[in-house]
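Hi,

Here is the structure I promised to pass on.

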Amino acid sequence: MADDLDMLRADIEAAMAGAEDLRALDAVRVAALGKSGQVTALLKGLGALPPDERRARGAEVNVLKGEIERALEHRRVTLEAFALDARLAAERLDVSLPPRLAAPTSPEAGSIHPISRTMEELIALFGAMGFAVAEGPDIEGDWHNFSALNIPEHHPARQDHDTFYLTAPEGGRRPVLRTHTSPVQIRTMLSQEPPIRVIVPGRTWRADHDATHSPMFHQVEGLVIGRDIHMGHLKGTLVDFLRAFFGIADLPVRFRASYFPFTEPSMEVDIGWSRKTGELGQGGDWLEILGSGMVHPKVLANAGIDPRVWQGFAFGMGIERITMLKHGIPDLRPFYEADLRWLRHYAASPLSPFTLHDAS
Ligand code: 2NL
């Protein structure tokens with residue numbers, strides 16, 4: 001090939017090698033093969049040559065053109081690979097790094113509301129004792145909320161000033177905002193064959209509003225049904241639960257005879273504390289903490305379970321109340337006020353998992 005073409009090819013190849021990105025490479029392509037490029041100029045100049053020279057020269061220029069096109073393509077592929085490598089390096093993420101720790105209750109981190117935290121603890125604690133979690137509707141029928149539970153027609157709990165009723169549908173009975181989570185246990189007994197072992201945490205509603213009562217609050221109830229479940233199971237379960245929940249291994253627990261329409265016999269459960277200091281576990285005073293009893297045979301029958309074959313126990317407690325006692329929270333109202341100062345103080349970090357016996 002003619003020396004001038006060799007020199008031109010060397011120049012263009014050097015320019016290509018020096019092109020460090022796709023834009024620079026395209027400039028090299030235009031300078032060689034573009035409308036006024038050097039190789040294009042040579043092709044245009046062929047017409048001025050005598051015919052025999054033109055053929056030989058034309059073949060050489062076309063070979064050069066082909067070589068340059070292939071070299072451009074090769075360099076383009078290389079530069080694209082470089083560009084991808086550079087991007088991957090720049091956007092590198094180390095997925096094995098631990099998360100950056102924001103302050104536990106800063107706005108960025110979010111935090112677990114004390115009610116949610118207690119619910120999680122209840123689910124974990126009772127879960128470890130073999131209880132499943134059941135849920136049901138907040139808006140209930142009168143039968144599931146009252147009648148099935150052996151609560152008589154004229155019981156004060158059913159009155160308008162104690163319970164929120166919704167407007168009745170045409171020709172129907174008025175729905176009620178559930179006043180306890182018990183209707184969920186009724187639904188569980190109706191839909192599942194015993195043996196049954198469930199807890200039911202959830203929202204409940206009563207027409208009550210003062211410093212110690214909120215119209216919306218939370219409850220957890222438990223239900224155990226088996227062929228030979230007796231009061232010993234009730235006592236063992238609740239003593240173990242209370243000692244684990246409050247993190248006090250020798251917490252005094254007392255069972256005191258009481259009355260509920262849905263249990264027979266019924267017992268209120270008290271824990272030891274000091275009325276003077278508020279400290280749990282010592283001080284010689286008693287604090288009522290939950291209600292319990294053996295499920296009334298009429299309630300079992302109402303829920304489709306034969307009381308001659310099956311028996312069991314149930315219990316219920318207020319989630320706000322046990323949360324206040326456990327964490328020394330003095331007032332009920334801030335639970336529902338979303339005040340960040342209160343939440344920073346009492347809410348839990350999502351990054352510090354609760355334990356089954358967290359005494360803090
Ligand atoms: C309390 C008392 C209690 C129950 C709830 C219950 C549910 C069914 C059948 C029988 Cl379906 N009993 N629940 C039993 C005893 C006490 O709660 O003081 N709660 C805050």
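Let me start in a loop: N150 sits in the one between α6 (142-145) and β3 (176-177). (Helices are DSSP runs of H or I with at least four residues, strands are runs of E with at least two, and both are numbered from the N terminus.) N150 has a phi near 70°, which is a positive value in a residue other than glycine.

Before the rest, a word on what you're looking at. This is a predicted model, where local features need pLDDT of at least 70 and side-chain atom pairs count only at pLDDT 80 or more, while totals for chains, interfaces and linings use all residues. Residues are numbered from 1 along each chain as its sequence is written, and side-chain values use heavy atoms, with hydrogens and water left out.

There are two cis peptide bonds to point out. One joins P194 and P195, with omega about 5°, and P195 is in the loop between α7 and β4. Another joins E264 and P265, with omega about -5°; P265 belongs to strand β7 (residues 263-273).

Now the ligand. It has 17 residues around it, and Q219, E221, G291, A314 and G316 are the closest (a residue counts if one of its heavy atoms lies within 4 Å). On its own the ligand exposes 480 Å², and the protein buries 89% of that (Shrake-Rupley areas with a 1.4 Å probe). The side chain of E221 has an N or O atom 2.7 Å from a nitrogen atom of the ligand, and a backbone N or O atom of G316 is 3.3 Å from a ligand nitrogen. The elements α7 (182-191), β5 (216-226), β8 (285-295) and β9 (311-318) each give at least two residues to this shell. By class, the shell has nine nonpolar, seven polar and one charged residues (Ala, Val, Leu, Ile, Met, Phe, Trp, Tyr, Cys and Pro are nonpolar, Asp, Glu, Lys and Arg charged, the others, Gly among them, polar).

What about the second largest pocket? It holds about 170 Å³ of space. (A pocket is an open set of points on a 1 Å grid over the protein atoms alone where a 1.4 Å probe fits, with protein on both sides within 12 Å along at least five of seven lines; lining residues have an atom within 4 Å of a point. Points are joined across faces, edges and corners, and the volume is the space filled by probe spheres set on them.) Its lining has 13 residues, with E135, R178, P201, G202 and R203 nearest the centre. Both α5 (114-128) and β4 (196-205) give two or more residues, and β4 gives the most, with four.

Cheers

Note on methods:
A polar contact is a pair of N or O atoms within 3.5 Å; within protein, one must be able to donate a hydrogen and the other to accept it, and residues adjacent in sequence count only if both atoms are side-chain atoms.
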